[in-house]
Amino acid sequence: MAHPESILVTMMGDENAEVRRRAIHFIKGIRCSVAYDKFLQRQSGVRKLTRIRKFYCPKINFNCATYYNMVAWKTESVKGPGDPPERLMYLTYNGEWEPVSVPPVIENLTPHQLDQFLKEPFKCPIPCHSQTVEHAVALTSQVTKNRRTEETQLRSMLQVAAARRDFTGKVTHKRFKEELEQRDD
């Protein structure tokens, strides 16, 4: 939860209006720097592949007084014509500065919708998920790579889920064969 994207979302839901204002300012700046990068790509005629958001573990300050100071933030000017925007960066565990991405949960909000959170804290419409959900996502991703039709994907996911439910504890090859033979009897 100490990832900068998570901290920005939490800041938008803070009861303190000044904390929310700061988060919205950061988010608008991130959007501006992304738009500026796209503008430069169009001008140069070189199209870069869309960058996949990578998770870089932030360097966490456990002695901070507030949650939004758990990571070190800095802004970096982007060189270019006119008034270039500033890019929001955070310090990673490796000591490198990485740009912050717009959190996906608020990526599609308009600037007007963002400004509404100055008046009232953000309430996330998506419930937090558990490790069980993460396992389901991983299973779905794994199954869809190897199965062509939705029917075979669903059948495979149900089989794996049933096996996980039935074979609790340490599953060894020997135990798996024994329990499978018991089922067949």
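Three aromatic pairs are counted in this predicted model, where rings of Phe, Tyr and Trp (its six-membered ring) pair if their centres lie within 6.5 Å, with planes under 30 degrees apart counted as stacked, over 60 as edge-to-face and the rest as tilted. One of them joins Tyr 67 and Tyr 68 edge-to-face, at 5.3 Å centre to centre and 80 degrees between the planes. Tyr 67 is partly exposed, at 26% relative accessible area. Tyr 68 is buried, at 17%. Buried means under 20% relative accessible area, exposed over 50% and partly exposed in between (1.4 Å probe, protein chains only).

Both tyrosines are contacts of Met 11. Beyond its neighbours within four places in sequence, Met 11 also touches Val 19, Arg 20, Arg 22 and Ala 23 (contact: heavy atoms within 4.5 Å).

Met 11 belongs to the largest nonpolar core, which has 22 residues. Such a core is a set of buried Ala, Val, Leu, Ile, Met, Phe, Trp, Tyr and Cys residues joined through side-chain atoms within 4.5 Å. Leu 8, Met 11, Met 12, Ile 27, Trp 73 and Val 100 touch the most other members. Helices H1 (4-12) and H2 (17-44) and strand S2 (86-91) each give two or more residues. H2 gives the most, with six.

The chain holds six helices and three strands, in the order α-α-β-β-β-α-α-α-α from the N terminus. Helices (H or I, at least four residues) and strands (E, at least two) are DSSP runs, numbered from the N terminus. Of the 185 residues, 25% are buried.

Residues are numbered from 1 along each chain as its sequence is written, and side-chain values use heavy atoms, without hydrogens and water. In this predicted model, local features need pLDDT of at least 70 and side-chain atom pairs count only at pLDDT 80 or more, while totals for chains, interfaces and linings use all residues.
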